[in-house]
Structures are given as C-alpha cells and as structure tokens.
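Let us walk through this structure together, one region at a time. Please keep the sequence and the 3D view open as you read.

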Amino acid sequence: MNQHIKKVYVPMTETAFYILLCLKQPNHGYGIVQAVERMTGGEIRLAPGTMYGSLAKMEKDDLIRFIREEDKRKIYQITDLGTEVLQMELKRIERLYRNAQEGL
Amino acid sequence: METKRTFRIFTIFQYKEEQDYLREMHLSGWKFVKVSGPCIYYFEKCVPEDVIYQLDYNKDGIAHKEEYVKVFSDCGWEYLQDYAGYSYFRKSASETEGAEEIFCDDDSRQQMMMRVCKGRLVPVVLTLPIMWIPYFILFIYCLRTGAEWARCFLILSTGLICLYALLLIMLACQYRKLKKREL
C-alpha cells in the first residue's frame, strides 16, 4: 500500500469508515446514508455533500469501484485495497479500545 | 407575482454569508429564484419560511450532474442551479433536525474550501505576475521616451495593480476568517 493512502486514510473520519463498511455489499450514496442511520440508531446522519465528495475521492484512490448505475444512482463496492485500509483502521480502533479498557 | 432584484457581491470565500443572506430573504418573505449575470439575485414574494440554503463547490459534481443532484435530492435537498462553479441547494428547516448542512464533518468542509481555492483562487493569484509583464515593458518604454500617453497609461495600470493587490489582501483576510470558523 502506498504511503499516501496510509497517510490520508489511517486514521480516517467516521464518515469514511462507515462508507467503506457499508460498501462490503454493493450500495449507492443514499443507501449508505440509510444504512448508517439504522446502524447508529439515527445518531449519525451523513450529509450529501460529504457523501458525494467522499465517494468521488475514494473512487479516485481506488478504495472503492463503480459497479453500475441504477435510476441515476451510482452503485459502488469496496476494492481489495479498500478492504485492506478498513482492516488497518479496525486494528487501530481495537488497539485504542483495548488500551482504554486497560487504562480505566 | 411580485418579484425583486438585488445586487450583492459575495467573494469566493463568502459562501457562508451568501447562504445566510438567502435564508434571511426567505425568512422575510422573499424566495430565491436565481442568481445570474453580474451578481444579480432574483426573488419572488412568498409566505415567510425558514429555509436553509447551502452552496457546494464541486466540479466533478457538475460534470456528473444527474448522479450528483440525485444524492442531494435523495437526502431531501432541492437543487436550484449552478453559478460560477457553485451549486445551490435548499431544504425547509421544518424538514431538518437542527441546523442541517450538506456537510457533516470538518474534513469535508475543509475539502470544499480546498476545491474553492484550487478552482477560484489559484487563477486569480496567477494573473498577478502575468499583469507585471506588460507593466514593465510600459515602464521601460516610458522611461526611455517619456511619451505622454505612456505616462498616463502607466499611472492607470499602477492604480489597477494596486486595486488587484488590495483585492488579494481582502481575500486572504476572508480566507483566514473562514478557516477560523470552519476548523
């Protein structure tokens, strides 16, 4: 993995994390917004400007790929590189959680 | 229907001010219709309502208009128009929970600022050195010949360059203000 990707995405924003997580299955922007709202009990509502910008940037960085278009909605799915980045971030969060537990 | 036109200048880093202006107008019974030409804002009379206006600056979005607008309309934002690279959206405050925006984290707000810089500020800054080239030629010509017309032209261009520099200083201040508020 190149250093640029690592620098930009580890650690990543909560938005980026949920987008990558949701794109394990093919989905479109609004589908992700709804899925995240369900997952977080309505606590996190992703906004469209953030969503569009993130998807475009992640596609450019090869973390996700465009699959097809349905009713003017672009459907994306995570790539191998995206999965690798997500795993790396997950490890970081696990370590964070572990250390917090030990510290408390 | 009663309509109204206003002339307002918002510079590239004043999109927050512009959003607030459109919201205030709607709140006082003037619904935004469009902005066109040299900063002319068109409104029509309406029932006063609290409507949130938001501006995005995304060239990629404008290039893929249908998909771009769809993401916003799915989330309940009405797409209005593009103007000078900015896309205009609005949503009634009664539909939103709290002060909803089209960005939900600082990262994406900062990225929007960077897109504005790249798209609008860089060309403006690059124009300055280009302006110096004819200025110097004129300056040397004026020194050598002392021609009256060249002197007049020189004074005029000096004024223009000063104005331009002032504009850049103003933009730098607005950028700092925006950055402070955003981050």
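How many residues of domain 1 of chain B are in contact with domain 2 of chain B? Before the answer, a word of orientation: what you see is a predicted model. Chain B is divided into domain 1, residues 3-92, and domain 2, residues 106-182. Nine residues of domain 1 of chain B touch ten residues of domain 2 of chain B. On the domain 1 side of this contact there are three nonpolar, four polar and two charged residues. Taking C-alpha centres, domain 1 of chain B and domain 2 of chain B are 28 Å apart.

To see the pairing on screen, pick Arg5(B), which stands opposite Tyr42(B) in strand 3 of chain B. In the loop between strand 2 (30-36) and strand 3 of chain B you will find Cys39(B). Cys39(B) is not a glycine, yet its phi is positive, about 60°. Cys39(B) counts as partly exposed because it has 14 C-beta neighbours inside 10 Å.

Now bring both chains into view. Their contact takes 19 residues from chain A and 22 residues from chain B. On the chain B side, helix 2 (59-63), helix 3 (65-74) and helix 4 (106-145) each supply at least two residues. Helix 3 of chain B gives the largest share of that side, seven residues. By class, the side of chain B that touches chain A has nine nonpolar, nine charged and four polar residues.

Next, look inside. The largest nonpolar core has 53 residues, and those with the most contacts inside it include Ile19(A), Leu20(A) and Leu23(A). This core also draws at least three residues from each of domain 1 and domain 2 of chain B. Leaving out residues up to four places away in sequence, Leu23(A) touches Ile64(A), Tyr76(A), Gln77(A) and Ile78(A).

Is Cys22(A) buried or exposed? With 20 C-beta neighbours inside 10 Å, Cys22(A) counts as buried. Beyond its neighbours within four places in sequence, Cys22(A) is in contact with Asn27(A), Ile32(A), Ala35(A) and Val36(A). Of these contacts, take Val36(A): Cys22(A) and Val36(A) are 14 residues apart in sequence, while their C-alpha atoms are 7.8 Å apart in space. In the loop between helix 1 (3-9) and helix 2 of chain A sits Pro11(A). A cis peptide bond, with omega about -5°, joins Val10(A) and Pro11(A).

Finally, turn to helix 4 of chain A, residues 48-60. Its 13 residues reach 18 Å from first C-alpha to last, close to the 18 Å expected at 1.5 Å a residue. Among the buried residues of helix 4 of chain A are Met51(A), Tyr52(A), Leu55(A) and Met58(A). Asp62(A) is placed in the loop between helix 4 and strand 2 (64-70) of chain A. Although Asp62(A) is not a glycine, it has a positive phi of about 70°. Asp62(A) counts as partly exposed, because 14 C-beta neighbours lie inside 10 Å.

Note on methods: Residues are numbered from 1 along each chain as its sequence is written. Chains are lettered from A and ligands numbered from 1 in the order in which they are written. This is a predicted model: local features need pLDDT of at least 70, side-chain atom pairs count only at pLDDT 80 or more; totals for chains, interfaces and linings use all residues. Domain bounds come from an automatic or database domain assignment. Two residues are in contact if their C-beta atoms, placed from the backbone, lie within 7 Å. Ala, Val, Leu, Ile, Met, Phe, Trp, Tyr, Cys and Pro count as nonpolar, Asp, Glu, Lys and Arg as charged, and the others, Gly among them, as polar. A nonpolar core is a set of buried Ala, Val, Leu, Ile, Met, Phe, Trp, Tyr and Cys residues joined through C-beta atoms within 7 Å. A residue is buried if 20 or more other C-beta atoms lie within 10 Å of its own, exposed if 12 or fewer, and partly exposed in between; C-beta atoms are placed from the backbone. Helices (H or I, at least four residues) and strands (E, at least two) are DSSP runs, numbered from the N terminus. The expected span of a helix is 1.5 Å times one less than its number of residues. Two strands pair if DSSP finds at least two bridges between them.
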